[in-house]
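Reader: I'd like to learn how to read the spaces, strands and packing in a model like this one. Can you walk me through it?

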Amino acid sequence: MGTSARGVSRIAEYYRESHFDYRLFWALDESHGLHAGYHDGEGRSHAEAVEHMNRVLADLVGVDDDDHVLDCGCGVGGSSVWLAENRGATVTGVDLVPLQLREARALAGERDVSDRVAVARGDFTDLPVADESVDVVWGIEAVCHAADEAAFLREAARVLRPGGRLVVADGFRTAASMTSAERAAMDRWLDGWAVPNLASPASFRDALADAGFAEVEHRDATERVLPSSRRLYWTSRLLGPVGRLAGWMGVRSEVQRANRRAARYQHETLTDGLWQYGIVSAERKEI
């Protein structure tokens, strides 16, 4: 993802060590997604809202059964399998975490879509995909892990066919400046989730243009993901005493403790307006 070997190792360590927490508190066995849910006032459960995010993004870029989708940061395979099951797409998932790749393959087998879903270990800036072989590049809460989002976008443009579509759902920094306390809160969140930085909407738009994308649209979806953000916040606060005791006893690692703390600060910084949850779509220019 344009990061050093140490950075890649840290990202993989974070997802490996936080896997149990996601399974326990994020309905992973139902939603098969580690990302936020998209709540639209339809009374969806948490797991249903997490799955609904796939539908929202697929509708936005018109994924259908003729498309080859590249799922960047495919995790345990929820989006990849959903796209194959519900849109008939052929999907290639790329991720850094062997544990998650194994679960993604298992899920594809359970849902009988192994013929349309393939996953591989890979870096966003060195994708195991041929030039102009993909119709849609898809990334939910994964691009934020790239130390250089511009490098990811250049690689996305390389693998997309002319007229191909990009869709990204992620955090974007909105505060032009921060107090020392605000910066510290952001650092506790980002460091705890192995995120090096957040692009601003403007810098991401500029990087898209430089990489050869057009028809760029940025939607602020913060209100839609607030229930997920609150869920993380209250899980963090309620489990705080238990987490501290477990850490003192040596049964929780520092990565796991930092993950819990980050769950608190992501919500506080979001509601303070320091960042937003954005959904970005774009098309690779026709040559």
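Author: Let's start with the second largest pocket, which holds about 190 Å³ of space. On a 1 Å grid over the protein atoms alone, a pocket is an open set of points with protein on both sides within 12 Å along at least five of seven lines, whereas a cavity is a set where a 1.4 Å probe fits but cannot get out; lining residues have an atom within 4 Å of a point. Grid points are joined across faces, edges and corners, and a volume is the space filled by probe spheres set on the points. This is a predicted model, where local features need pLDDT of at least 70 and side-chain atom pairs count only at pLDDT 80 or more, while totals for chains, interfaces and linings use all residues. Residues are numbered from 1 along each chain as its sequence is written, and side-chain values use heavy atoms, with hydrogens and water left out.

Reader: Which residues line the second largest pocket?

Author: The lining consists of Arg10, Glu13, Tyr14, Arg188, Asp191, Gly192, Ala194, Glu254, Val255, Ala258 and Arg261. Helix H1 (5–25), helix H7 (180–192) and helix H10 (254–271) are the elements giving two or more residues, and H10 gives the most, with four. Helices here are DSSP runs of H or I with at least four residues, strands are runs of E with at least two, and both are numbered from the N terminus.

Reader: How do the lining residues of that pocket divide by class?

Author: First the classes: Ala, Val, Leu, Ile, Met, Phe, Trp, Tyr, Cys and Pro count as nonpolar, Asp, Glu, Lys and Arg as charged, and the others, Gly among them, as polar. The second largest pocket has four nonpolar, one polar and six charged residues in its lining.

Reader: And the cavities, how many of 30 Å³ or more does the structure hold?

Author: Three. Of the 43 residues lining the largest cavity, Tyr15, Leu34, His35, Ile140 and Glu141 are the closest to its centre. By class, that lining splits into 26 nonpolar, 13 polar and four charged residues.

Reader: What about the second largest cavity: what is its volume, and which residues line it?

Author: Its volume is about 70 Å³. Glu30, Ser31, His32, Glu51, Asn54, Gly78, Val81, Trp82, Glu85, Leu107 and Arg111 form the lining. The classes come out as three nonpolar, four polar and four charged.

Reader: H4 keeps turning up. How many of its ten residues are buried?

Author: Buried means under 20% relative accessible area, exposed means over 50%, and partly exposed is in between (1.4 Å probe, protein chains only). In helix H4 (residues 78–87), seven of the ten residues are buried: Gly78, Ser79, Ser80, Val81, Trp82, Leu83 and Ala84. These pack against helix H3 (46–61), strand S1 (68–72), strand S2 (90–95), helix H5 (98–110), strand S3 (117–121) and strand S4 (134–140). Glycine 88 follows H4 and has a positive phi, near 70 degrees.

Reader: Is asparagine 54 buried or exposed?

Author: Asparagine 54 counts as buried because its relative accessibility is 2%. This residue is found in helix H3. Contact means heavy atoms within 4.5 Å; not counting residues up to four places away in sequence, asparagine 54 touches His35, Gly78, Ser79, Trp82, Trp138 and Ile140.

Reader: Now strands. How many bridges join S5 to S7?

Author: Two strands pair if DSSP finds at least two bridges between them. Nine bridges join strand S5 (residues 160–173) to S7, and the two run antiparallel. Arginine 173 stands opposite tryptophan 275 in S7. Strand S6 (residues 213–220) is also antiparallel to S7, with six bridges, and there glutamate 217 stands opposite serine 281. Strand S7 (residues 275–284) is mostly covered, with nine of its ten residues buried.

Reader: Last one: which residues touch the most other members of the largest nonpolar core?

Author: In soluble globular proteins, nonpolar side chains tend to be buried together. A nonpolar core is a set of buried Ala, Val, Leu, Ile, Met, Phe, Trp, Tyr and Cys residues joined through side-chain atoms within 4.5 Å. In the largest one, of 63 residues, Leu57, Trp189, Tyr277 and Ile279 touch the most other members. Apart from that core lies another of 28 residues, including Val280 and Ala282.
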